[in-house]
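Hi, here are my notes on the model you asked me to look over. Have it open on your screen and click through the residues as you read.

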Amino acid sequence: MIEPGLTESGPVDPDTLRLFFALWPDDATRDALNRAGKWLHQHLGGRRMRAETLHITLVFLGSTPAEQLDALTACVDAAQADAFELVLDQAGYWRHNRIGWLGASQAPPQHLELVDAVNAALQGAGFAVDARPHVPHVTLLRNSAGGEVPECMPVHWPISDFVLVASRREVDGMHYDVIRRWPLA
């Protein structure tokens, strides 16, 4: 089921979905992240991300056969973690991919437990996951020239669930469809 307000057209290949698990902001958090994007854009330039696309990727799956969607969601039903607050208090710039971001200087243990639980559930069901260390961040800018990043105002993000998202590229950029939500304890 696709959430109201999000686009409903399918991916180019109806047999394959481009999927990832993410933290998806509520309206107040999305507004705060969007303001942070405007602020960072004044310092680093580049192309701002649209407010409706802002998120933190927990686990990226990439191209996944659509017929595996039920198995994928069923295995993640076992992933459990506690709700928490994530404080995004550090802005930065990655030169290698020209991204301006907002991240957490210290990820709470519940955040890392959630990432580990989702990864373990997926691996246990035979899904491949990215082995690189997880860096909690929200991409705010792309194609940025970079520069010195001043201290930022923290964004406090109450995390009470996580989502499975399908992404698709369209003429005006990436679009995301939230497929399902899982509440946290």
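1. First, the ground rules. This is a predicted model, so to speak: local features need pLDDT of at least 70, side-chain atom pairs count only at pLDDT 80 or more, and totals for chains, interfaces and linings use all residues. Residues are numbered from 1 along each chain as its sequence is written, and side-chain values use heavy atoms, with hydrogens and water left out.

2. Start with strand 4, residues 84-88. Strands here are DSSP runs of E with at least two residues, and helices are runs of H or I with at least four, both numbered from the N terminus. In a regular strand the side chains alternate between the two faces of the sheet. In strand 4, Phe-84, Leu-86 and Leu-88 make up the covered face, while Glu-85 and Val-87 make up the uncovered one.

3. Who is the partner of strand 4? Strand 8 (residues 155-159) runs antiparallel to strand 4, and five bridges join them. Pairing takes at least two bridges found by DSSP between the two strands. Leu-88 has Val-155 as its bridge partner in strand 8.

4. Leu-88 also turns up in the largest nonpolar core, which has 49 residues. A nonpolar core is a set of buried Ala, Val, Leu, Ile, Met, Phe, Trp, Tyr and Cys residues joined through side-chain atoms within 4.5 Å. Buried means under 20% relative accessible area, exposed means over 50%, and partly exposed is in between (1.4 Å probe, protein chains only). Phe-21, Leu-88, Leu-122 and Phe-162 touch the most other members of this core. Helix 3 (residues 109-124) gives the most to the core, with six residues. Apart from it lies another core of eight residues, including Val-163, Val-165, Met-174 and Tyr-176.

5. Now the rings. Two rings of Phe, Tyr or Trp (its six-membered ring) pair if their centres lie within 6.5 Å; planes under 30 degrees apart count as stacked, over 60 as edge-to-face and the rest as tilted. By this rule there are six aromatic pairs. Why is the pair of Phe-20 and Tyr-176 edge-to-face? The ring centres of Phe-20 and Tyr-176 are 5.5 Å apart and the planes sit at 85°, so the pair is edge-to-face. Phe-20 is in strand 1 (residues 16-23) and Tyr-176 in strand 10 (residues 173-183), 156 residues apart. Phe-20, Trp-24 and Tyr-176 form one aromatic cluster.

6. Is His-55 buried or exposed? His-55 has 12% relative accessibility, so it counts as buried. You'll find His-55 in the loop between strand 2 (47-48) and strand 3 (56-65). A polar contact (a pair of N or O atoms within 3.5 Å; within protein, one must be able to donate a hydrogen and the other to accept it, and residues adjacent in sequence count only if both atoms are side-chain atoms) of 3.1 Å joins the side chains of His-55 and Thr-57. A polar atom of the His-55 side chain also lies 2.7 Å from the backbone oxygen of Thr-53.

7. Last, the cysteines. A disulfide here is a pair of cysteine sulfur atoms within 2.5 Å, and the count is zero. Cys-75 is at 13% relative accessibility, so it counts as buried. Cys-152 is buried too, with a relative accessible area of 11%.
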